[in-house]
Structures are given as C-alpha cells and as structure tokens.
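Biologist: I am new to this structure and would like to learn how to read its features. Could you take me through a few of them?

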Amino acid sequence: MTLKKNILALRQKKAIVEKGGGDKAIEKQVAMGKMTARDRILALLDVDSFHEYDLFVEHEERNFGMASKELAGDGVITGTGTISGAPICIYAQDFTVMGGSLGLKHARKITKIMDHALRMKVPCIGINDSGGARIQEGISALAGYGEIFYRNTMSSGVIPQISVILGPCAGGAVYSPALTDFVFVVENISKMFITGPNVIETVLGEKISQEDLGGARVHAEITGNAHFYALSEMECFDQIKELISLIPHSNQQKAVSVEPKEPKSLKNIENIIPADPKQPYDVREVIHALTDDSKFLEIHELWAANIVIGFGRLNGETIGFVANQPMYLAGVLDCDASDKAARFILYCDAFNIPIVTLEDMPGYLPGVDQEHAGVIRHGAKMLYAYSEATVPKITVILRKAYGGGYIAMNSRHLGADFMFAWPGAEIAVMGPEGAANIIFRKEIMEAEDEDAMRQQKVQEYIEKFANPFVAASKGYIDAVIEPSETRELLLHALEVSKNKDDHRPAKKHGIPPF
Amino acid sequence: MQTEKPEYVDFAVTARKYKTLLTKKYQNRKQWVNPSPYDIQSIIPGTILSVFVKEGDVVNEGAPLLILEAMKMQNRIEMPFTARIKKINVEVGVRIPRETLMIELEALDNE
C-alpha cells in the first residue's frame, strides 16, 4: 500500500491554500504595485531555502459570519529559511486574505515563529502588510498584538529583529516595528500611523493624505521611525541582505568576518578635511577612506543628517561608526541626532560590535524649539549610551570638539578605550570667538579698537587652546596622529581590544533618560 | 561622491558662522511666539458646545468660560485669573482647529 493517493491529496490541498486569497485578490495586490507575501519571502530568502510551517492553521472565530469564512493560513505565512546561508525565521502577512488582518490564530502563528527565533538564536524578520486588527475577532485580536509586542521586547538585544513595512501598518500593529531593531520602508508602499487620516478628519477636522501622514518618506526623513528607505521592494530586499551579512545573528556570536581588504577610495585622506574650520565636508568620505573596500552601510541616512551612523568593516570585522556630519547643520548635536546615535550605540553594545567615533562638532544646536523639545533629556541619552557600553570604543577627533559635545562624543571620560586626534583638532571648552569674548571681555571693552583687539585675542586663544596639544598634555587623548596613520591605528586598537573585559556594577538595569 | 557643489549657507552656532546645508526639518521648524496670558487658545481641535460668558463680562478666576467637545470628552475651559472678557471669537456649534484664539481677555482697570 503506497501513500500515493494521500500524497496527491496533500499536494492539491497545498496548492489551494498557498494561493492565499485566490487569483482575484492576488491580481488586486499586484495592481497596487505590491508583491504577494509568498513572492516576497521567496525573493528575499536564498533559492529553495524556505520551509513553511502552520500552512493549514485555521481561525476559530464564530461570530459575525466568520464561521463560513475560510482564510488560507489565517492571513500570514511563517517559516524558516536562509539568507546568504545564514538561518533566519520569517513571517509575512498576506494582504490577499481578508486584508491581512490579524486574528488570534494569525498572531499565534507569528508568536510561534518568534519563539522559535528566540530559542534557536537566529534573526527574526517580519514583513508587515496588514489592514490591522480583525474587528470581528474583537479583543482576541488585541490579545494577539499584545503577545507579539511582549515577544519583541523579550527578544530585544538577544536576536536581531527586522521589520519590513510593505503595506499599511496602522493602529496597534505599528508598535511591533517600533520595538524591533531595524525598520525598512519602501516608497509609495509603506504606510505607518497610529490613527489614520479618516479618524483624524472625523475627530479633529485636520485633512491629510495617507502618504503625507505616514508614508515612507515621512518616516525616513522626519520621524526617524524607518532606518532604511528604498524605492522598490527588490531594492529593499537587497538592503536587508546586506544588513544580515554585517550584523551578528545573535548576541552570543560575532558577525561573519570576511577577507580584509584595503579601502579603495581615490581621495587621499589628508585632503578631505578643509583647513578652515568653518568649511564643511562630507564625513562619509573619511569613513570610506578608512573601511575595508571603502564599503559602508549607512543607517537612518535621511533623518538627523547632522550625524552619520552605520556599519563598516575593519580587518574583515563589523564595526559600528558614529560620526558628526559637518555638511548638515555644521555637525551640531540636537535632539534627533542624540536619539539616533544613542539607540545605535545601544544596539552595538548589545551585540558586541566595537564602536569607532569620528568627531567634528561645534556644539549643540541652539534654539527655543530645541530647548522646549527637551534637548537636555535627549542629549543625555547619548552620554548614557556611551558610558554604559562595554564594547571596545575608539574615538578620533578630526577637527572641532567644543564643550559638552567633546564629552558626549565618546570622550576618554565616558570610557573611550583609545582617543586619537588629528593635528588640526581644536579641543576646547568653546569656540575661539565665543571664548575670547568672555575671557578677554575686559581687554576688548577697554581697547581703542574693539574689533582689532577681539581679533588679536581670538588669535591668541587659537594658538594657545584651539589645538590638540592641551588635551594631549593632560593625557586626555592618547596620541596626536597623522590622518594617513588613522586606519593602521584603528586596526591595531581593535586588535588589542579583542578580548576586552569590562564590567558594570550589578544592577537589574539603569534608568536612561528615555 | 557628488560632482556638483551643494549650495552652502551661513549657519551660526554660538559665536562662529559655519558654511553648511540645512535639513528640511530645521527649515520647517516653528518659530517660537511668546504666548500672551490674555489669550485663551484652544489646545486641541474640537466643537464649541456652549459659551457661558458675554463680551464685557467681568469673570472671576476658575469660573467656566466655555465647553469644548474634543476626543469624546466635554472639556471645561476655565478662567485663568479674574479679568474682563474683551472679545469672543467663537460661537456654539463651530468646529475649531488647534491654537485658535477663542477668547481675548483684558485686565481690569485697577481700582
């Protein structure tokens, strides 16, 4: 007796359920410019590596006519596979099945795969494309969301969690991506908001389109909820693959290392920074001159552009970079920049990724809106994150390092392991103009020609204090180095700190200025 | 990298001006306006349900001025300090947005 009949019946049943909401629904999905959930998984994962679980799960809701509704896979596809050979757990909501709405069984499928990911210590990727809670299921849908958020938090800092927003993600649903480590959005397809335009118009009378309220660009540029922005789903999948190749797959492992390569940028590193401290440059060019193969994956590229964060490789190992960007807002630190850097530092610390900080900042952004927005609280996050991190921390002061910013950008005092400064660095409590105005105020006021006296005093200040040698003489920086030596020194510093063992006082956890 | 030079602007941070680009968020930020204590502004969009005072009335601190229905609640807007009602800019049934100047007060002439 063979199982031939059973096998054929299984294949037929699979074929029907794998169609999700059916051919017509699939046509509608494609017409909206979106891929189907199954196609997305197959495009992202390695060929023939995807294995689906819980294909035949059915909902148990009986109210509101649900008893007669057959929902394929209850609207979500879950399973495991590999990306570039690395095992991952993945789930993708299926918009063709009742709008991808979340019911209890749908949520249980997701929490099951999240539990797998946490136990097996592999990354968990969630593709969100859902109309929200299934109203017919009532509170069970809310219960489902709660169970997902709890697991997002439990997995936070243990395994990388990635959310890909490839459709609407509204109401409670959007808190899951907010709790994960990296959020990917795609132009015209991603929509994230807590209350949608309809409710906003009814309750508050404010008219706004879905795209303007919570489209991809809004989250990539203004709110900072999205870490990566792509113009198409396929581009987004390429970004995910690149990220997976760089990050450790759990907090127990190091990231995959590759063959070290020399940077191939054409510009000599000495020529990137202008001698005049008032002139800007793109700090990414400095990063490209330092990293292996000049490769750098930037995170949050469009938000808080005055600071740059991302992953690059040094000697084949993944390193996290934090760098002030003088090309935008003169590289000042403000609320958004502090938030952006602080969360990234926390991520690197959680996953044992060394951090290299490149400093060139003139201070904090002045302004009533900044103060009232709480720049004090937000700036403190960065101090907290750097102090708490126990990964190897290396800082290179490229040019300006004034006042509070000098401390905040991973100074020796916050626990930097190695502090280097370029010869043109200005490490001072204030910019020369501001300092001269205060310290030599009497001389300037009593002078015959105030402007000339001010210029002279500024010059004096520059010669005496606006250089790296004062800090070097106090031992606050370890060495004043030539730009061309930087990469070599970074590689050496990372080699020396490979087995760094640092501890914090025993505590359940600190109380960061959230 | 970029081949055309971006248009840098002068940007003052404390005493020095730097050449740099501004972000869109920075350019769109709201300028701070000193709020006058004599302006009663709406902090949330809603509908005016009832108005309890008239122009010219002298009203004591804490007395109800109007009811603003917003977010399924009937919010009672009260008098912040004893003064005279100078002007009422809203009527019952009107739906108003945020930061609408609903009522203008003026100080009582000191006796």
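Predicted model: local features only at pLDDT ≥ 70, side-chain atom pairs only at ≥ 80, totals over all residues.

Biologist: Which way do the residues of strand E5 of chain A point, and are they buried or exposed?

Modeller: In a regular strand the side chains alternate between the two faces of the sheet. In E5(A), A:Gln161, A:Ser163 and A:Ile165 point one way and A:Ile162 and A:Val164 the other, and all are buried (20 or more other C-beta atoms, placed from the backbone, within 10 Å of a residue's own). Strands here are DSSP runs of at least two residues, helices H or I runs of at least four, numbered from the N terminus.

Biologist: Which strand do 4 bridges join to E5(A)?

Modeller: Strands pair if DSSP finds at least two bridges between them. The 4 bridges join E5(A) to strand E7 (residues 182-186) of chain A, running parallel, with A:Ile162 opposite A:Phe182.

Biologist: Which residues of helix H3 of chain A are buried?

Modeller: In H3(A), residues 37-44, they are A:Ala37, A:Arg40, A:Ile41 and A:Leu44. Seen down the helix axis, the buried residues of H3(A) fall within an arc of 95 degrees, so they line one face of the helix; the arc is that of the directions from the helix axis to the C-beta atoms.

How values were computed. Residues numbered from 1 in each chain as written. Chains lettered and ligands numbered in written order. Buried ≥ 20, exposed ≤ 12 C-beta atoms within 10 Å, placed from the backbone.
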